[in-house]
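My notes follow in the order I looked things up.

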Amino acid sequence: MKIRPRRLRRTPGIRNMVRETTISTNDLVYPIFIKHGKGLKDPIPSLPGQFHFSVDMAIKEAEEAMDLGIPAIFLFGLPASKDAAGSSSYDENEVVQQTISLIKKKLPDMTVMTDVCLCEYTDHGHCGIIKNGQVDNDSTLEVIAKTALSHAKAGADFVGPSDMMDGRISAIRDILDNNQYQDVGIIAYAVKYASAFYGPFREAADSTPQFGDRSGYQMDPANALEALKEAIMDIDEGADIIMIKPALPYLDIIRLVREECLLPMAAYHVSGEYAMIKAAEEKGWVDGSRIMMESLTSIKRAGANLIITYFAKDAAKILQNNTK
Ligand code: PBG
């Protein structure tokens, strides 16, 4: 036998040398949920190990993330009030806007990304304004754009529209540019499927639709060509980073989009993916840490540059220990 692949697997040193995919803390983006109050760090039942933070505690959490080498956080907010039009989403006194400006004051080097969507802010839980029983695209764009602007004013580095309305990247780019925020970037949830994997998040963000589902605006999980169409549209409209979501069940889509598009690409390893690993680990059925690292490695190997994950801190701890 002339060719023996096992020669390259013989020792840890050799394996490290020929490894094709590595994860660094620089690849990780950490999602944080913020609510009203003071001194709060309340466990989220559907996401073990994740918390609802009040603004003051969110800053501490961001500091911890920074100390672990995580370069970016992704903010979600639970507002004081909800209405049909999601108008608290652009309130400068809301928790997301407050957290952005405080983090930028206290941790200027932390990259702050924000989720721009109405589902946490509407009383009906849909991602836009309802007209005739449907989410109305064009009137939603105005509110989405205003929300993005309010995040930019507070100091966000990137805004992340996750609503899946058509034309939202243009609408946001225009309002940012017209208000001298041309340096604020857009991380577009370009390819977002109507997925059951968001279940635990909706409990965490209190954003479950009160009627119907999101399949009138989020993508059909069966479609791949449409993913390319969405990615290309968002790039044409001015997105700086494109995102695929969820991650593990859509590795083929990550690879497909990676091969066709030139932008940095993020994958969102979503709440259901996280919760399933946590649940199986709690039962003692799997080695949670190894499954976590294997999952993150697969997402990177498929072609993602950035991974938005609730595991960010856990993974960063393992990565820090590896390099010591
Ligand atoms: C808001 C939004 C959702 C997620 C991110 N932004 C929920 C949804 O679309 O229903 C899901 C994130 C996760 O599951 O971790 N629209």
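I count a contact when heavy atoms lie within 4.5 Å. This is a predicted model, where local features need pLDDT of at least 70, side-chain atom pairs count only at pLDDT 80 or more, and totals for chains, interfaces and linings use all residues. Residues are numbered from 1 along each chain as its sequence is written, and side-chain values use heavy atoms, with hydrogens and water left out.

**Entry 1: S89.** I looked up the neighbours of S89. Leaving out residues up to four places away in sequence, S89 touches Q97, L118, Y121, V143, T147, S150 and H151. S89 sits in the loop between β4 (72-77) and α3 (95-106). Helices (H or I, at least four residues) and strands (E, at least two) are DSSP runs, numbered from the N terminus. Is S89 buried or exposed? Its relative accessibility is 0%, so S89 counts as buried. The cut-offs are under 20% relative accessible area for buried, over 50% for exposed, and partly exposed in between (1.4 Å probe, protein chains only).

**Entry 2: strand β9.** I checked the cover of β9 (residues 185-192). Eight of its eight residues are buried, so the rest of the structure largely encloses β9. Next I traced its partners; two strands pair if DSSP finds at least two bridges between them. β8 (residues 158-161) runs parallel to β9, joined by two bridges. F158 stands opposite G185 of β9. From β8 the chain passes through helix α5 (residues 168-178) to β9, a right-handed β-α-β crossover. Right-handed means that, with the strands pointing away from the viewer, the path from the first strand over the helix to the second runs clockwise. β10 (residues 241-245) also pairs with β9 in the parallel sense, over four bridges. There K192 has K245 in β10 as its bridge partner.

**Entry 3: helix α9.** Twelve residues should span 16 Å, and the end C-alpha atoms are 16 Å apart, so the two agree. Buried residues of α9 include Y274, I277 and A280. Just after α9, G284 has a positive phi of about 80°.

**Entry 4: the whole protein.** I noted eleven helices and twelve strands. Buried residues make up 54% of the 324 residues. The C-alpha atoms fill a box of roughly 70 × 45 × 40 Å along the principal axes. Of contacts between residues at least 6 apart in sequence, 73% join residues at least 24 apart.

Key:
Expected span 1.5 Å × (residues − 1).
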